[in-house]
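Hi,

Here is the structure I promised to pass on.

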Amino acid sequence: MSFRALKFSLLVLTVVIIAAAGPFLPSKWMTTLMYAQLFAVYAMGWDILSGMTGQISFGHIFFVAVSGYTTGLLNLYLKWPIWATVPTGVVMAVLAGLLFSVPALRLRGPYFSLVTLILPLAAARLVIILADWTGGELGKFGVTPLCQDSLLNALDGVLSRLHISIEAFRLYQYCNYYVFWVLLALVGTILVWLSSSRIGKILEAIRENEEAVEAAGINAAKYKIFAFAISACVVGLGGALSVHTNEAVFFNSLLSLTSSIEMIVASVIGGMGTIVGALWGGLLVRGGEQVIRELAQLKLPIGAEGLALSFLERWATFIFFALLLVLLFFARQGLLPLLAGLSRRAKRGGSE
Amino acid sequence: MDQVLIIAERIVIYSVLISALYALVALGFTLIFGVGRVLNLAHGAFLMIGAYTAWFAQQYLHWNLYSAFALAVAICTVFGVIFYHGLVRHVQRSPIVTLIATLACALIIEELIKIFFTTNTQLLAPFVSGSVEIHKTTVITNRIIAFGASWLAIILFWIFVHRTRWGKVILATAQDQDGAALVGIDVKRVYTLTWAISGALAGIAGFFFASWVKLDPFMWRDPLIISFAIVVVGGLGSLKGSIVAAYLIGLLEVLMTYSPSVRICAADLRCFEFLGSSWVGVSSLLVLIAILFIKPEGLFGRAQE
Amino acid sequence: MRMNRRLFLKALGVGAGTLTLGHVLGWGQQPPVKIGLIGPIDLLDVGRAMVRGAQLALEEINKLVDDKKLPPPKLTMDGLIRDDQVLRGDVARAAYEELVEKGAQVIVGGFLDEAVMGIMPSLARLKKPFVNTGTSGKQFSELVKSDYERYKYYFRLMLNSEVLAQDTVGMVKGLMKDDLGVQKVALVMEDSNFGRDFLKLLQERLLSEAGVQVAKAINFPINNPDFNAILQQISDPAVDADAIIPGFAFNPGVPFVGQTYELKVDLPVIGIITEGQAFEYWKSTGGRVMGHAYADAATGETPLTPKTFPFFQAYTERYGGSPPSRPLYTAFTTYDALFIVKEAIDRAKGTDPDRLVEELEKTDYIGTVGRVQFRDKNDVYPHDPKYGPDYVVAKWVLWTTLAKDPLKADPQKDPRRVVIWPKQYRLRADDEGNPISIDACISQAAMAYRAAVEDWKRKGKPKGGRFEAWQAFARSVAKCFAGT
């Protein structure tokens, strides 16, 4: 099986599993996985730019913020409906990506990473300075829900005609879950296809040796700008939808530096530049957190020594980053290429 | 008129003081980049280790401040060396992996401090309590000591680099690694030395940074960003550039504290402040972005190859 | 079934006595009602304080049920405590849904606004009441106001930021102007939603309602805690301020406290520094917080109501060894919240959310922080606690000590936290925990402070003079509190 075919089959497998798992999940896991899918989309968006071209962005959350704030504020102040706010938000994110990519192309390596680190910091200060509009660090509540009551009622009507009855809250969760599932499947397919196409090959070639690409008569800048635009678009789409699910613009979820770093972590864990790896990494990061929280639960009564938090809960984040370091040392290429290598070796072993 | 002069005086004094600390904070960072081409994103965490060591020695071991300070510098020096041999040496070849690995280390250190010392903000007792009057400006005494210590460290460092044999070896390695190796310089030992020096400088900076403001597990972020800003504005790897940039950024921040703000309001009475004290921080970030776009190699940087 | 039998017995006119009989016969053995808690329990002291407050309340309630002083059911929180990772709205939302799925009928807790906000979409749909015991953002009650039917399941025990600002105006008039002779104040506010709103309100109202001028107002960014220049600006003779009112909700006050002390700023500090409500603050600042006064919900040592002091003692006895070693505000509010919830469940005779909301709205409970009644839906801030001398107010707490040198005081034993405003709460507890007024003593100390300031002004305002006078005031208050 070629790497491309492997990636596609893994993508399809993952997407099918997520879809099939839906009805069996308890409600907390539905919400967790809904956000995990959103995060996987961010990670894939990061991967198509940074993973493929090797230009490490430390501040991808900036594009989430541009799109999220555009979407949310248009909905709040001008009462635009979802079908208008989300595309506008995405367009703004793409514009920001393009605007930024042109000068950023002059910057290489660490300089590029620096600017991307600083962009969300500056944006965060601006959001606070403009707090009368943006709500500052408290955010603004009252954005139209992604799954509005009218939509849910219509769904319920259809289902009842099929003699299926689903409790109202469950239906609401299904709706959110599968909206993000569609997003995940769509973005996954497009990006995996892109990464295995000629464009993907060129982007990878740029990572390995930009001069050689230029020497071959290919305009590397054009491809990098394209990667910027598509990356901003994907991440922006996620950000715009998240605002409508949260029914609010949240400062932290739209601008936290931690999320930016977690995108990198996700992609490194899964395998940089593989897209499907980033998808897995994203699901693993968010799902793993929840598993750890699950394993480490506070038991009452609490004693005089204070809170007897379990070892795991205390050390969760530490273990998480330590694992990242270990991966960087021993499996730098990430889980997916590791798996691909193993399967290839197994096949070779079998044919002998 | 008198009032204007007093304000000018204060702006000068405060910015001169804070900038010295900024320069010291950035020094170790720029050294590592200049010599080894490594961007150490854990530099802020180095500072934090120094600060917490001193605080721990003082609070729990009841050491006096001078020995606590010495311990902080020693621990940071050792940590610098361990950090190089345990981590950086193995990932150095790939700049991407280096960036991510050093950042992961910073986050690990933050986590450890949260686990052992909670997230509560703490105060590091100053060397000398109280304040002094310089003409018409009141300054916390500790800041003058920090200023003196910073400059002392910078000058000693400069003398070391330019006047000693080892310093010259470091300079040679910074200019051309392969050339240095060819003429028989043990590059690994040079790197070990620079990491040790960088650690020591971070220890001193961390101590004074903490007694200037505060200690908490997130305190590594600001120094890192300051180092970044300074080093980029000054030109990555340029010592002179870093000091000039530190003074530029320090001045800009203090200016913003004093600058009058303009309140701009929309028809619906939603307003925002343009300039003024709420722009401290954001102004230097914006200047930084502008410089990166206009002159990416920085004010004193070598042009990119 | 059980309910029917009880109703039937009640209808026979046998009332409470039968309940006991039923209990003995095992009829009253209802399963305990499950209560959930969401808060930053791992990372922050406020979160830990929540769990501890809840734990003490649960034990007390269940003991009262066992002793038949309260009707069943008991309450339980087993396996129903979740961490929201401080800022993560998504985590809080999943936690709320999980708790509801696990059968929690009421959920308490919540600290940072974004985490609580994350719960709201699910709260509106799952309808299990949430009693907020930690945030002060006013947008929550605005939400209840905007769509009552949807968000009526949300209640809160904390005063919101707007009410706190109102309370500050009252304090400035009563304490600062009338007692301490303050004419002009300087405002030092962080650049956050809280700080800006607080600043705006004080600028609008201080002169008209309290008769105190704002000499200088400063807004500083959250991530730049350097106060030397700021403090120099406000202690300038041209500004001529008499006191500082700080307003920090997010930003740590530690550097501010440290630098006011180093500079010996000649201005008493009375205001809001959220972090400064923790007992550990004395240790964090190395005693430099001596003389600062901050708004708080309760201190425990001051017997605000008959319930305050016993709770404080129980808490300190049990948890005094690890931080927060004294109850933080969230401990008081969470403790009260569970009693309020228990009463509402008893009155509603069940846990139907809509019935519970109706009964919670009828709450009239004297808790550890004051008398709690919720505002009705026509109020500006529905489901916030009623504010006023008869209900809940902010208590202005002075940090002080009897030790000679605050920097060398034992941070576990020596710090005292004394309520100096409002006057009705200028109290200390005797050995049995009964309140004794120390109003006269504090007023006397205030008079002495005024005289010292007059003297200082006559001498041409030498540096550090008013600082010392204020420290002396704080020490006298400590003596009042000790009863010597």
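In chain C, Gly247(C) sits opposite Ile272(C) of S10(C). That pair belongs to strand S9 (residues 243–248) and strand S10 (residues 270–273) of chain C, which run parallel and are joined by two bridges. Helices here are DSSP runs of H or I with at least four residues, strands are runs of E with at least two, and both are numbered from the N terminus.

Before I go on: this is a predicted model, where local features need pLDDT of at least 70 and side-chain atom pairs count only at pLDDT 80 or more, while totals for chains, interfaces and linings use all residues. Residues are numbered from 1 along each chain as its sequence is written, and chains are lettered from A and ligands numbered from 1 in the order in which they are written.

Back to the sheet. Seven strands of chain C make an open, mixed sheet in the order S8-S7-S9-S10-S11-S14-S15; strands pair if DSSP finds at least two bridges between them. Strand S8 (213–220) and strand S15 (415–421) of chain C are at the edges with a single partner strand each, so one side of each has no neighbour in the sheet.

Chain B has a helix pair for you to look at. The axes of H3(B) and helix H8 (residues 187–212) of chain B come within 7 Å and cross at roughly 145° (axes are lines fitted to C-alpha atoms, for helices over the stretch in contact, with angles from 0 to 180 degrees between N-to-C directions). The residues of this contact divide into 16 nonpolar, seven polar and no charged. Nonpolar covers Ala, Val, Leu, Ile, Met, Phe, Trp, Tyr, Cys and Pro, charged covers Asp, Glu, Lys and Arg, and the others, Gly among them, are polar.

Where chains A and B touch, the contact takes 35 residues from chain A and 34 residues from chain B; two residues are in contact if their C-beta atoms, placed from the backbone, lie within 7 Å. H4(B) gives the most to chain B's side, with 13 residues. By class, that side of chain B has 27 nonpolar, four polar and three charged residues.

Finally, chain A. Its secondary structure comes to 16 helices and two strands.

Cheers
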